[in-house]
Amino acid sequence: MLAQKINNLLSDNEYVNVTVSGVFLPSDDDWVAMISPSDSDVKSCPLKKSRYVQTGDLSKLPLLCHYPVKAQFMSNDPDYLKCTKQECKKYNNTNCEVSACSGTISFHVINIRTDIEFVFFSGGFETPCILTRSGPMKFSNPNQPLHGHISSIDSTATSMRLTWVSGSEETQLVQYGDGETLTSKAKTFSQDDMCTSVLPSPAKDFGWHDPGYIHSAVMTGLRPSTSYSYRYGSDSVGWSDKVQFRTPPAGGSDELKFLAFGDMGKAPLDPSVEHYIQPGSLSVIKAVTDEVKSGNVDSIFHIGDISYATGFLVEWDFFLHLISPMASQVSYMTAIGNHERDYIGSGSVYITPDSGGECGVPYETYFPMPTPAKDKPWYSIEQGSIHFTVISTENDWTENSEQYEWMTKDMGSVDRSKTPWLIFTGHRTMYSSSTNRLFDLDDRFSKAVEPLLLQHKVDLALFGHVHNYERTCSVYQSNCLAMPTKDRNGVDTYDHSNYSAPVQAVIGMAGFSLTKFSKPGSWSLTRISDFGYLRGHATKEDMNLEFVNANTRQVQDSFRITKRQNR
């Protein structure tokens, strides 16, 4: 087997062609795994299927003793099974008596710091038998700083946090603005930080991959709604490209343009099979990136189920690679979801193994938000005319809990003359007409938290978890307290000058396989099962929201919330 590379040194982002030759009987069950590190245990381990099932992934995946980064069947090259490409293995004079077949498949490879190797198997994913190996291949610079993304640290928009990944713990620099320079602080996490149970978690063994070091630095002295550039790294480990970014508007200013979605994850850029592929993620990432490049986006809110790595740690690198074009240019704010936090015996509200043993550790390391402390992943931030209250539905939200008291205090202290709009966000929804609603909804959450939304006059509640788009009336306890009216353009308009109850929207349609609807409740006004995202534009008197189909780029739902200001 030949992996076609000069000197076997890999760049940070490339496609590697892998050619298998000398095969006498090509089979549908022949496949190639990309493993890392190259000394990973790739013997057959049928019982490892439980590690995939533990995270909810029921698809057929390679049953090796250590999870391969990705895998492809040789049949992805149609010439392989047809034996179109042949080489003679035995001649009789000038006549070929014995021929062998070959095929070539292409793998998308990014810099994951540890060396990789391609392994050729027969027997399919369930009964794999090693036939040959390519030999280890190293990255030309395992310490290269990569995957920079920015986030807001407060409501002034005068400081922005930059976070990136490197194979080196060495202090690195951020150069930004008019010659300012910062030094980074590096963090990492180990297998010992992962959770496990009687049934070992993927994160603890089968899916573990060294994360390298996650660097972070806060750029200060910035102006709101202003464009700057930065680069990060050092002379010894290498530098990133120069990136242009824009600060969001300060809290209390008039206007904000934002995008929001949940449950995005990732998908491969090649025909590989991987754990937990989210089929809509690439179209949403492309559409959102195009919007960011247009200059009409101030910030992005990703409300839970971020990468779906769920204990298969190398997948965080691939996710960060995919979002970097958008998350490096505008404030990328996140909320934690069940697939980042939940695990048995870890202190999460729900005792499912949905995080695969990550227990929030990789999430909080890769996406440091302005939260009060470790494993207290809730915060608020003001941008433009909106106050965002971001909670964790996976940490205790019951009455008198620390998070409940924080929610009460945070929403109760909003200055509505400064930020007239209050948006409440969390991962798990209160309302859904999905076919899985018996599993997706928790009445205890609604009973504890929904009264706070009404009490503090939340204008809009945004949730994910259910993989579709759904919008409600002004709803409380499943009753419509008010209905929108049509404006002159036929757009549903909610008048919050005479407040009745929050509008709620499920926006978990950004990547994971879509969920169908069953018979809707009377509170449900719009239901769409397509991949996309929410586009928001708020001034102090109007908040306009649109659901955008990521594939067609068409607006499929529009609504407005209005509020007359006292003069």
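A disulfide is counted here when two cysteine sulfur atoms lie within 2.5 Å of each other. The model is predicted, and a search of the whole structure finds five disulfides. The protein chain is divided into domain 1, residues 2–139, and domain 2, residues 255–562.

**Disulfide of Cys-45 and Cys-65**

- The sulfur atoms of Cys-45 and Cys-65 are 1.8 Å apart, and the two residues form a disulfide.
- The torsion about the S-S bond of Cys-45 and Cys-65 is about 70°, and therefore this disulfide is right-handed.
- Cys-45 lies in the loop between β4 (31–35) and α1 (49–54), while Cys-65 lies in the loop between α1 and β5 (70–73), so the pair ties together parts that are 20 residues apart in sequence.
- Cys-45 and Cys-65 are both buried.

**Disulfide of Cys-195 and Cys-359**

- A second pair, Cys-195 and Cys-359, forms a disulfide with the sulfur atoms 2.0 Å apart.
- Cys-195 is located in the loop between β15 (185–187) and β16 (213–219), and Cys-359 in the loop between α5 (338–341) and α6 (361–366), so this pair ties together parts that are 164 residues apart in sequence.
- Cys-195 is buried, and Cys-359 is buried as well.

**Disulfide of Cys-473 and Cys-480**

- Cys-473 is joined to Cys-480 by a disulfide, with an S to S distance of 2.1 Å.
- The link of Cys-473 and Cys-480 is left-handed, with -90° about the S-S bond.
- Cys-473 counts as buried because its relative accessibility is 0%, a value under the 20% cut-off.
- Cys-480 has a relative accessible area of 30% and is therefore partly exposed.

- When the bonded cysteines are counted along the protein chain, the disulfides follow the pattern 1-2, 3-6, 4-5, 7-8, 9-10.
- Cys-129 is in no disulfide, and the nearest cysteine sulfur, that of Cys-65, is 13 Å away.
- With a relative accessible area of 40%, Cys-129 is partly exposed.

**An open sheet of four strands**

- Four strands form an open sheet in the order β5-β4-β8-β9, with antiparallel pairing.
- β5 and β9 (129–133) stand at the edges with a single partner strand each, so one side of each is left without a neighbour in the sheet.
- On average, neighbouring strands of this sheet are turned by 30° against each other, direction ignored.

- Strand β8, residues 117–122, pairs with β9 in the antiparallel sense over four bridges.
- Phe-120 stands opposite Thr-132 in β9, and the bridge partner of Phe-121 in β9 is Ile-130.
- The hairpin of β8 and β9 has six residues between the strands, and Gly-123 in the turn has a positive phi of about 90°.
- Strand β6 (residues 86–92) and strand β7 (residues 95–110) pair in the antiparallel sense over six bridges.
- Tyr-91 has Cys-96 in β7 as its bridge partner.
- Two residues lie between the strands in the hairpin of β6 and β7, where Asn-93 takes a positive phi near 60°.

**Domain 1 and domain 2**

- The C-alpha centres of domain 1 and domain 2 are 39 Å apart.
- In domain 1, 23 residues are in contact with 19 residues of domain 2.
- The two domains bury about 1,900 Å² between them, 60% of it on carbon and sulfur atoms.

- Pro-145 is found in the loop between β10 (138–139) and β11 (146–152).
- Pro-145 counts as buried because its relative accessibility is 2%.
- Pro-145 and Gln-172 are 27 residues apart along the chain, and their C-alpha atoms are separated by 8.8 Å.
- Neighbours within four places in sequence aside, Pro-145 is in contact with several residues, including Trp-164, Gln-172, Tyr-232 and Val-237.

Notes:
Residues numbered from 1 in each chain as written. Predicted model: local features only at pLDDT ≥ 70, side-chain atom pairs only at ≥ 80, totals over all residues. Heavy atoms only, no water. Buried < 20%, exposed > 50% of the residue type's maximum accessible area, 1.4 Å probe, protein only. Pairing = 2+ DSSP bridges. Axes fitted to C-alpha atoms, helices over the stretch in contact; angles between N-to-C directions. Domains from an automatic or database assignment. Contact = heavy atoms within 4.5 Å. Buried area = accessible area lost by both parts, 1.4 Å probe.
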